[in-house]
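Hi everyone, thanks for coming.

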Amino acid sequence: MLTRLRRWPVSARMLVSALVLVTLVLPLAGALLAWNFRQTVNDSFDERLLSFLNVVIAGIEFDPQTGELTPGPQLGDPRFDRVYSGWYWQVNDHEGRRITSRSLWDERLPVISGRGPDWANTPGPAGQALRLVERDVQLPAFEGWLSVSVAADLSEVEAQVAHFNRLLSISLTTLGGLLLLMIGLQIRWGLAPLRRLERDLRAMEAGQARSLESDLPKELARLAEAMNQVLIRDEVLIERGRTAAGNLAHALKTPVSVLTTLSDQLPEQQKSAFRTELARIDEAVRHHLARASAAGPAALGRVDLADTLEPVVSALTTLAQRRGVVLESALGVEEPVRFEQQDLQEIAGNLLENAINWAASRVTFLVAMEAGGLLVRVDDDGPGLSDEQIEQALTRGTRLDETRAGSGLGLAIVKELVELYGGVLDLSRSPSGGLRASARFPG
């Protein structure tokens, strides 16, 4: 699990982090805003109730002659006159007498002990949830205390809170979506230079560029310049290695040939041992030369296929004529291919030389573009190979016929080079009866 997380793209990490932040912060902020709004609405509601209570208290009149309490003028709110409207007032004296608003009808509000103002939530008529405030007061010429209370239905408060919460949820959801969208755009814009750097690397890999562009933000520009320096140094080192390997091979070629000729003058027993050691030297030279060739350049270029293979085909056509073999070639690729020139010549040369060595009369050489990429194919009409011999032929240094010249490195070298370019070398029976060697490279 941790390994998979380590491989997450940077953009995915940043987007998930932003998503977690938004999903945590916005609900928390929403809950805090909703709580503050509810407190504000409740405080405002309580203030209105207290104002109505003071108005009711100010309007109460007591007649000493009749001993009756009478309410003052109307409060100015018709809801106190509408039955079960949710807005009520009530006045109680110590003898149990009450005067109430018309809206209470035959219901009564509970009495809260204390001088007040006291607050309480209580059930009311028609199943209403009421907010009640009560205060005890004394009037001139009235013995005892009067308990005055005002109550109102909390559904109004709940409706305001619910409406605010709906608007808040919609607003925060919209804000969260916009934040994620803007963060996504910010991430895309911020990582754009990295995508440009990746495209430059892909272009270098495809042979369309030789170096990375440095027209990047300061941090990435320094990185691109450092990578360019490394690539240039590696290319120089690889080229030096190839040159040294080639020089070494050419330097040893003549002495080995001279020693091979001189070995003919030796007795048969010594000549055999001498030639065995010379063959080992020749094999070692070709082996290390092939490894140097297979190292590959730092950045592949695109080469013209006809121009690259023409010297190889020309030289091997002459060799084929000497051996009485007809070499037919078809180079059906006109556009440049992504290859290093020396590697392409090495692949074609080894395949053709092997086919000419074994062919009875004809060798066919085909280079074409397939749906999957480049195809290099050589057919001969020789004896062919069995499945076991095919496996042996791809093993470095294995010679299937000791009577023929060669070191047994040809097909093994081709296999290494083909795999270096991500291709596959396939050996099978040719329609002409011999061996078909097919090297397929991805496009």
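I'll start with the overall layout, then go to the cores, the salt bridges and a bit of surface.

First, some ground rules: this is a predicted model, so to speak of a local feature I need pLDDT of at least 70, and side-chain atom pairs count only at pLDDT 80 or more, while totals for chains, interfaces and linings use all residues. Residues are numbered from 1 along each chain as its sequence is written, and side-chain values use heavy atoms, with hydrogens and water left out.

OK, the overview. The protein has nine helices and 14 strands; those are DSSP runs numbered from the N terminus, H or I of at least four residues for helices and E of at least two for strands. There are 443 residues, and 35% of them count as buried. Buried here is under 20% relative accessible area, exposed is over 50%, and partly exposed is in between, with a 1.4 Å probe and protein chains only. Take the contacts between residues at least 6 apart in sequence: 57% of them join residues at least 24 apart, where a contact is heavy atoms within 4.5 Å.

Now, the inside. A nonpolar core, for us, is a set of buried Ala, Val, Leu, Ile, Met, Phe, Trp, Tyr and Cys residues joined through side-chain atoms within 4.5 Å. The largest one has 40 residues, and Phe339, Val363, Phe365, Leu374 and Phe441 touch the most other members. Several elements each supply at least two residues of this core, including α6, β11, β12 and β14. Which element gives the largest share of this core? That's α7, with seven residues. Apart from this core lies another one, of 25 residues, with Val41, Phe80, Trp87 and Leu139 among them.

Helix α7 runs over residues 341–358, and its 18 residues reach 26 Å from first C-alpha to last, close to the 26 Å expected. The expected span is 1.5 Å times one less than the number of residues. Among the buried residues of α7 are Leu344, Ile347, Leu351 and Ile356, but also Asp343 and Asn350.

On to charges. Side chains of opposite charge can pair when their charged atoms come close. We call it a salt bridge when a side-chain nitrogen of Lys or Arg is within 4 Å of a carboxyl oxygen of Asp or Glu, and by this rule the count comes to 11.

Look at Asp46 and Arg131, whose closest N and O atoms are 3.0 Å apart. Asp46 lies in helix α2 and Arg131 in strand β6, so this pair ties together parts that are 85 residues apart in sequence. Are these two buried or exposed? Asp46 is buried at 13% relative accessible area, and Arg131 is buried at 18%.

Glu328 and Arg362 make another salt bridge, at 2.2 Å. Glu328 sits in β9 and Arg362 in β11, so parts 34 residues apart in sequence are tied together. Here Glu328 is partly exposed at 36%, and Arg362 is partly exposed at 38%.

There's also a network of salt bridges that links Arg48, Asp77, Arg79 and Glu156.

Last stop, the surface. Trp8, Val16, Val20, Leu21, Leu24 and Val25 make a nonpolar patch of about 540 Å². A patch like this takes residues with over 30% relative accessible area and no salt bridge, and joins nonpolar side chains (Val, Leu, Ile, Met, Phe, Trp, Tyr) within 5 Å; like charges would be joined within 9 Å. The areas come from the Shrake-Rupley method with a 1.4 Å probe, and for residues only the protein chains shown count as cover. Val25 is found in helix α2 and is partly exposed, at 43%.
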